[in-house]
Amino acid sequence: MLALSAIARPDRFHRALTDLGLSIGSTQALPDHSGLERVQLPPGGTVVCTEKDAVKLGGRARDARLLALVSDVEFIAPDEVKRFLHERAKEVLQ
């Protein structure tokens, strides 16, 4: 299994995969926001990546099995986040 990432902290992504019990054969970490058009996908192999990177791969993964790790964001103080966003939106609209 190839763990493919073009994110800021690929080590955290790889650790999350192993924490889930996945056996990673190799990793390919590219700089954050990199395009993936030059990445060689293993024909018949399995590639695991983030949702963001899965979208970038598009139909190129037809010869490989593509798995995307889905992650959720949970705010510790959601009311403060909402208040902050509302204040910023008001500033922009003025």
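**Figure 1. Surroundings of Thr46.** Setting aside neighbours within four places in sequence, Thr46 contacts Met1, Leu2, Arg65 and Leu67, a contact being heavy atoms within 4.5 Å. Thr46 belongs to strand β3, which spans residues 46-50. Strands (E, at least two residues) and helices (H or I, at least four) are DSSP runs numbered from the N terminus. Thr46 counts as buried because its relative accessibility is 19%; buried means under 20% relative accessible area, exposed over 50%, and partly exposed in between, with a 1.4 Å probe and protein chains only. The model is predicted: local features need pLDDT of at least 70 and side-chain atom pairs count only at pLDDT 80 or more, whereas totals for chains, interfaces and linings use all residues. Residues are numbered from 1 along each chain as its sequence is written, and side-chain values use heavy atoms, with hydrogens and water left out.

Figure 2. The largest nonpolar core contains 12 residues, among them Leu2, Leu4, Leu36, Leu41, Val47, Cys49 and Leu57. Such a core is a set of buried Ala, Val, Leu, Ile, Met, Phe, Trp, Tyr and Cys residues joined through side-chain atoms within 4.5 Å. At least two residues of this core come from each of β1 (2-5), β3 and α2 (51-57). Leu57 touches Leu4, Leu36, Leu41, Cys49 and Leu66, when residues up to four places away in sequence are not counted. Another core, of 5 residues, lies apart from the largest one and includes Ala3, Ile7, Phe13 and Leu17.

**Figure 3. Backbone at His33.** His33 lies in the loop between β2 (26-29) and β3. Although not a glycine, His33 has a positive phi of about 70 degrees. Most residues other than glycine have a negative phi. With a relative accessibility of 61%, His33 counts as exposed.

**Figure 4. The chain as a whole, for orientation.** The protein has 3 helices and 4 strands, which follow the order β-α-β-β-α-β-α from the N terminus. Its radius of gyration is 17 Å, well over the 12 Å given by the globule rule for 94 residues, so the protein is more spread out than a compact globule. This radius is taken over C-alpha atoms, and the rule is 2.2 Å times the number of residues to the power 0.38. Along the principal axes, the C-alpha atoms fill a box of roughly 55 × 30 × 20 Å. Of the 94 residues, 27% count as buried.
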